[in-house]
Every structure is written in structure tokens, then in C-alpha cells.
Amino acid sequence: MKPKAKVLTTAIAVCLLAAVTMARAPQDIARGQSPERLTVRFTWKLKGEYAPLYVALEKGYYNAEGLDVQLSEGNGAQNVLKVLAAGNEKFGYGPAVAAAQAVSLGLPVKVVALYQTSAPMGVIASDTPLKGPKDLEGKRLAISVGETFGDMIRPFTRINNVDLGKIQLIQMDASARTTQFLTRKVDVMSVYLSNELPQIEKRAGVKFNVIKVTDFGLNVLGSSMYVSNAFAEQKPDTVKKLLLATAKGYRDAMADPKEAAKIMARHMAVPEQPDVLERQVEATVVTTNAPAGKPIGWQAEADWRATLDLLKETGGIIDVKALNSYFTNEYLQ
């Protein structure tokens, strides 16, 4: 080979090697970086409703996005939202209706993905006839601090012309409500149809009388991902990565609820009956917000307006702010 030809061949080889190296560099750098550690704070204790996030965790979807995610229990939506607003947490997962109230009060938080357009709430009774909201009058109703229906009892009674003064509201710890209900110390209790109802029916071995609050005007936004405004502005890519991985977990849970329930079972601090977990997961995925042609978690203005109008009409909030104060789709992919 002539010297000039040899030099040209060497130069081409070097250029090709450089091109390959440049193309692989971002991946190599990403592999060398430590995953970004963050916590998603649930607004309640572990339950089947959270299975899609544990699917994303166990299948490595968060890790693939460079995130080291810890999923942690909470103690009520308003408490979690206050912690987010104070900057002590970055992400929260809970009912969007609670975020709507928090934003209206001036808390700097926002919903960045909506997984249920309607919170699956109900009220149950055993021996007590329960055909409609009026049947709650004269009854002892167990509620807990931080649970959605307890926060929404006043709007619910106003919508249905129920005299709240005729309902004996008994506030107690969430762990005590079921026992008090099953031992007839209270007549009725509020439940999430995707959580407590399968648990209690399994424990009691009976089917309870149930009214779905969505059938009686209380159709409010359900499960969602919250983020503090400051964190979203500082780290928009982190928000996008978290939502993308979570959506993959939801996709897999919707495709195979039984497998999702098995994954969730491996993460329960307190073991749950397999059939109860399956019912919880199934009730969750059938209500998952996955609009055609949009990412899982996409939020529609009409759904937000309906919830905000309801809260305003029933005194749940005083003033309605601009819609972009409450939610955004900009982090969904």
C-alpha cells in the first residue's frame, strides 16, 4: 500500500471509530452515573391500587430511566400535599380532588398525571338498608382523617339534600374502622371499592349493601401523581422519566392484573389474601385513565372543570383558579 493511501485509510478508520464512540457516549455516561434517588409518597397505606407502580419498580422501568425510586406509605392526602409544598418531598400519589383543594388554598403543587377520572368511592352497610344517600340519615358513619369520602362528606350531602346533622359522624383511626363496623359499633362506613371493600367482604364472608357515590353526583377525580411546582421547574426531565416508567407499569398491570397482584403481594408489609389483591388490582385497572391516542395519565380540561365546579358549588373550595394552576400534561410522553 502506498504511504498516502495508507494514511487516508487510517484517517477514515479513526473517523469511523470516533463516530461510533460519540454515538455510544451518552449511553456509556448514563451507565456510569448513579441513579437519581427519589421517593413517591402514597397518601395511604399499601393496597392493590398501587400495584402498577410496583410493577414498574420490579420490572426495572424506573431504573432504566436512571431513577432509584422508593415507594412509601403516607397518612392522608392533605398531609402529603403539605409536605410537597414545603419542599420536603418531591412526588406524591393520591386523589386529584385533594390536590384541587390544596391548590385552591394556595399550595404550590400540581397534578402531572391523572390515572382515574373518577374516584371509586362507596358507602357500605350490612344489616342496614342502603339504597341511596337519604338512608344515611339517623346512622352512625365511620370516617377517618385523610380519607377522601370523609373530606367530601359535606359536598355529598348537599348534592343529595341529606341533612348532615342527622348523621352521626364518628371519626376514628383507619385501622379501627373495620372492626367497629363488623362488630356493629357503627352502622355504615365509607370505602374505596378498589381497596377496603374486597378486604372487608373477604374478612366477613358476606356481600354488603353498597351505594357508589359516583351514582349520586359525587364524581371527582381519583388517583394521580402530584409534584411540587419548584421541583417540576428545576427538574422537568426527572418528572418526564418518572411518568414514562409509571405508565409502563400501568400498561403491564392492565394487560395482566393477576401478575400485577402477585408482584404487589411481594411488597406488602402486611400480607394480603391473594384473591383480595386480585380484586383490588382488577378494580383499579378497569378504572384507569388511558384515553385513545393519548399517554396513560392524560388529563382533560372537561374532567377538571367538572370537579372544580362541583367543589365550588358545594363549598369544597372558595375560588377556582386558572386550570393550569391545577394540572399540566407537559411532562407526559
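Between which strand and which helix does the loop that holds Asn195 lie?

## Asn195

In this predicted model, Asn195 is found in the loop that runs between strand S8 (188-192) and helix H8 (196-204). Asn195 counts as buried because its relative accessibility is 4%, where buried means under 20%.

Leaving aside residues up to four places away in sequence, Asn195 touches Lys47 and Gln280. The C-alpha atom of Asn195 is separated by 10.0 Å from that of Tyr50, although these two residues are 145 residues apart along the chain.

## Glu49

Glu49 sits in the loop between strand S1 (36-42) and helix H2 (51-58), and with a relative accessibility of 4% Glu49 counts as buried. When residues up to four places away in sequence are not counted, Glu49 touches Tyr93, Gln116, Tyr192, Ser194, Ser223 and Thr284. With Ser223, the side chain of Glu49 also forms a polar contact of 2.4 Å.

## Cavities

The structure holds two cavities of 30 Å³ or more, and the largest cavity has a volume of about 210 Å³. The lining of the largest cavity consists of 19 residues, and those that lie nearest its centre are Trp44, Lys47, Glu147, Thr148 and Tyr192.

At least two residues of the lining of the largest cavity come from each of strand S3 (91-95), helix H6 (148-159) and strand S8. By residue class, the lining of the largest cavity divides into eight nonpolar, six polar and five charged residues.

Notes. Residues are numbered from 1 along each chain as its sequence is written. This is a predicted model: local features need pLDDT of at least 70, side-chain atom pairs count only at pLDDT 80 or more; totals for chains, interfaces and linings use all residues. Side-chain values use heavy atoms; hydrogens and water are left out. Helices (H or I, at least four residues) and strands (E, at least two) are DSSP runs, numbered from the N terminus. Buried means under 20% relative accessible area, exposed over 50%, partly exposed in between (1.4 Å probe, protein chains only). A polar contact is a pair of N or O atoms within 3.5 Å; within protein, one must be able to donate a hydrogen and the other to accept it, and residues adjacent in sequence count only if both atoms are side-chain atoms. Contact means heavy atoms within 4.5 Å. On a 1 Å grid over the protein atoms alone, a cavity is a set of points where a 1.4 Å probe fits but cannot get out, and a pocket is an open set with protein on both sides within 12 Å along at least five of seven lines; lining residues have an atom within 4 Å of a point. Grid points are joined across faces, edges and corners, and a volume is the space filled by probe spheres set on the points. Ala, Val, Leu, Ile, Met, Phe, Trp, Tyr, Cys and Pro count as nonpolar, Asp, Glu, Lys and Arg as charged, and the others, Gly among them, as polar.
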